[in-house]
Amino acid sequence: MKYLFIVITTAVITALVCFLWFKAVSGKISDNDVQAAQKLLSLDLTDQEIDTLLADVQGNAENYALMHQYTLKNEVPPALLFDPVPHNFTIDTASFSPEWNIPEDVALPINQDELAFYSVLELASLLKNQKITSTELTQLYLDRIHRYDDTLLSVITVTEELALEQARRADEEIQQGKYRGPLHGIPYGVKDLLAVEGYKTTWGANSHKNQTIDQTATVVKKLEAAGAVLIAKLTSGALARGDVWFGGTTKSPWDLTQGASGSSAGSASAVVAGLVGFAIGTETMGSISSPSTRCGASGLRPTFGRVSRHGVMTLSWSLDKAGPICRSAEDAALVFDAIRGADPKDRTTVEASFDYDGKVDVSALSIGIVEKYFEDDTTNQEHNEQTLEVLRKLGANFQPVSLPDSTTLPVKVLSLIMFAEAGAAFDDLTRSNLDDSLVRQDERSRPNALRQSRFIPAVEYIQANRYRYQLIQAMDSLMQQYDVIVTPTRGGNQLLITNMTGHPVVVVPNGFDEDGHPQSITFIGNLYDEASILEVAHAYQQATEFEDQHPDFFLPKAVAEN
């Protein structure tokens with residue numbers, strides 16, 4: 001009974017924390033306040049029970065008010081770490097690093113603007129063989145940003161001074177024979193959730209548009225060590241929601257009347273429009289998958305804990321992930337290899353092998369398809385069927401599978417985990433009403449999501465995490481039977497499920513709808529096995545041409561006309 005009493009008390013005071021805080025500083029909480037609050041919690045406390053707990057509710061509300069007098073920076077984590085590893089799961093830590101075969105026969109095009117759409121390995125060939133300098137390539141991309149981004153709205157800050165210095169250094173090292181690898185001298189951009197010392201980190205939000213953070217994200221440092229050249233900080237929907245930021249709406253390169261989706265809007269849009277060689281995005285619940293689909297990019301959302309989030313804005317400690325958004329799956333594999341690995345500054349990260357070699361015998365893999373999702377995805381049915389046929393020709397022997405669903409677990413409700421953690425991450429923004437400064441204020445906006453999160457009881461957050469634990473076990477039992485599972489990107493609850501369990505996915509374009517908008521397919525992999533899904537995606541792209549198609553508006557005129 002004592003335990004039940006504590007649980008009930010905690011639930012009540014959590015559900016109306018904002019209201020209770022106000023009462024604590026402006027007046028006493030009454031039994032009528034608790035009577036109203038319990039309606040949100042499916043409770044039916046008696047008058048006597050309410051009278052008994054009233055003093056504790058009042059006392060805890062006063063403690064909340066005291067806690068709010070202190071400051072918590074966004075980067076401070078809770079003393080709880082999410083671990084996606086199921087029972088009896090062993091992480092392969094064998095030392096293995098892919099060998100990237102840089103082609104030798106890549107020619108410099110007559111119209112150098114065509115380089116904006118070359119693959120990373122093609123650009124690497126030109127740089128390594130000194131057919132072009134990094135400074136020339138960097139200037140080409142910078143010129144394209146200045147030429148096109150007023151239309152696209154995919155860039156928040158151009159890091160031109162830094163870029164030209166890094167390019168100059170890359171040229172000097174390459175000329176001296178100090179070649180660092182295939183990213184050496186390649187211009188790229190990062191979503192403006194990643195801190196870069198000396199530049200603003202705006203998080204896409206009016207409330208933070210003048211923010212500077214005195215550190216550089218680990219991912220950016222790793223790319224600098226690989227010799228890559230940072231030329232832009234790219235747009236994010238405000239506080240990692242959607243494609244609307246304080247400067248407007250980031251556009252899809254394929255349809256300038258359509259938003260790029262989000263929240264890694266600028267990363268996907270800039271890559272596909274040829275404004276950067278590759279980009280880094282982040283995902284909590286679809287922010288790599290969705291803009292990659294809308295813009296026709298190839299996006300990798302790695303296993304939770306594979307890539308450091310140090311120096312990256314926190315939205316949800318147990319869900320945030322950083323990963324590459326590129327023009328092809330092979331480019332994504334190459335970039336991922338540079339940014340993966342354990343980081344003592346992010347305690348959720350682990351060291352695991354990455355045995356990608358760009359070659360795969362598809363017939364030797366066990367591949368599942370989520371049949372129900374394919375049946376239900378009528379909007380992209382034709383392209384989905386064509387995708388499966390291509391994979392069959394490559395040797396795939398599909399086995400029908402079903403992802404965990406509501407018949408066994410309350411999968412849908414697990415999204416409240418994200419909302420609760422986001423509410424904690426931006427607690428001060430909501431309580432100070434600075435959330436009013438964000439451009440978007442509708443039901444699907446970040447301010448509204450933060451506000452409603454204050455009404456999620458602590459007990460329900462914990463219960464949801466217990467169901468999440470069961471989901472992790474169920475998903476692992478399924479994935480142990482397969483190397484790869486193929487699913488429509490928007491199929492059922494796959495996005496929610498795989499984000500909650502931490503499984504990696506690769507999203508690649510698989511066609512265009514009747515209005516010329518890109519569509520996509522998703523490959524789900526086992527925990528820490530990005531290699532298998534990237535290899536299957538690469539094999540699929542070698543057999544198709546969707547990743548080689550580019551929006552006419554951003555192509556050199558002669559190329560577009562052909």
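Helices H14 (residues 415-425) and H17 (residues 458-479) cross at roughly 135 degrees, and their axes come within 9 Å. This angle makes H14 oblique to H17. The structure is a predicted model. H14 passes H17 in a left-handed crossing. From H14, the contact uses Leu416, Ile417, Ala420 and Glu421; from H17, it uses Glu460, Tyr461, Ala464, Asn465 and Arg468. Five of these contact residues are nonpolar, one is polar and three are charged.

Pro410 sits in the loop between strand E12 (398-401) and H14. With a relative accessible area of 31%, Pro410 is partly exposed. Its C-alpha atom is 9.2 Å from that of Arg468, although 58 residues separate Pro410 and Arg468 along the chain. Arg468 is also one of the H17 residues in the contact with H14.

Helix H6 (residues 134-152) packs with helix H7 (residues 160-175) at an angle of about 160 degrees. Their axes are 8 Å apart. How are H6 and H7 oriented to each other, roughly parallel or roughly antiparallel? An angle over 145 degrees counts as roughly antiparallel, so H6 and H7 are roughly antiparallel to each other. The crossing of H6 past H7 is right-handed. On the H6 side, Ser134, Thr135, Thr138, Gln139, Leu142 and His146 make the contact. They meet Glu160, Ala163, Leu164, Ala167, Arg168, Ala170 and Asp171 of H7. The residues of this contact divide into five nonpolar, five polar and three charged.

**A buried arginine**

Arg340 lies in the loop between helix H11 (329-339) and strand E11 (367-370). Is Arg340 buried or exposed? Its relative accessibility is 12%, so Arg340 counts as buried. The side chain of Arg340 makes a polar contact of 2.9 Å with the side chain of Asp337. Leaving aside residues up to four places away in sequence, Arg340 touches Phe96, Ser97, Pro98, Lys222, Arg306, Val307, Glu351, Ala352, Ser353 and Phe354.

**A covered helix**

Helix H18 (residues 494-501) is mostly covered, with seven of its eight residues buried. Which residues of H18 are buried? They are Gln494, Leu496, Ile497, Thr498, Asn499, Met500 and Thr501. Gly502 follows H18 and has a positive phi, near 85 degrees.

**Backbone exceptions**

Most residues other than glycine have a negative phi, and most peptide bonds are trans.

The peptide bond between Gly262 and Ser263 is cis, with omega about 10 degrees. Ser263 lies in the loop between strand E7 (255-259) and helix H9 (265-272).

How values were computed:
Residues numbered from 1 in each chain as written. Predicted model: local features only at pLDDT ≥ 70, side-chain atom pairs only at ≥ 80, totals over all residues. Heavy atoms only, no water. Axes fitted to C-alpha atoms, helices over the stretch in contact; angles between N-to-C directions. Helix = DSSP H or I, 4+ residues; strand = E, 2+ residues; numbered from the N terminus. Parallel < 35°, antiparallel > 145°, perpendicular 65-115°, else oblique. Left-handed = near helix turned anticlockwise from the far one by under 90°. Contact = heavy atoms within 4.5 Å. Nonpolar A, V, L, I, M, F, W, Y, C, P; charged D, E, K, R; others polar. Buried < 20%, exposed > 50% of the residue type's maximum accessible area, 1.4 Å probe, protein only. Polar contact = N/O pair within 3.5 Å; in protein donor to acceptor, adjacent residues only side chain to side chain.
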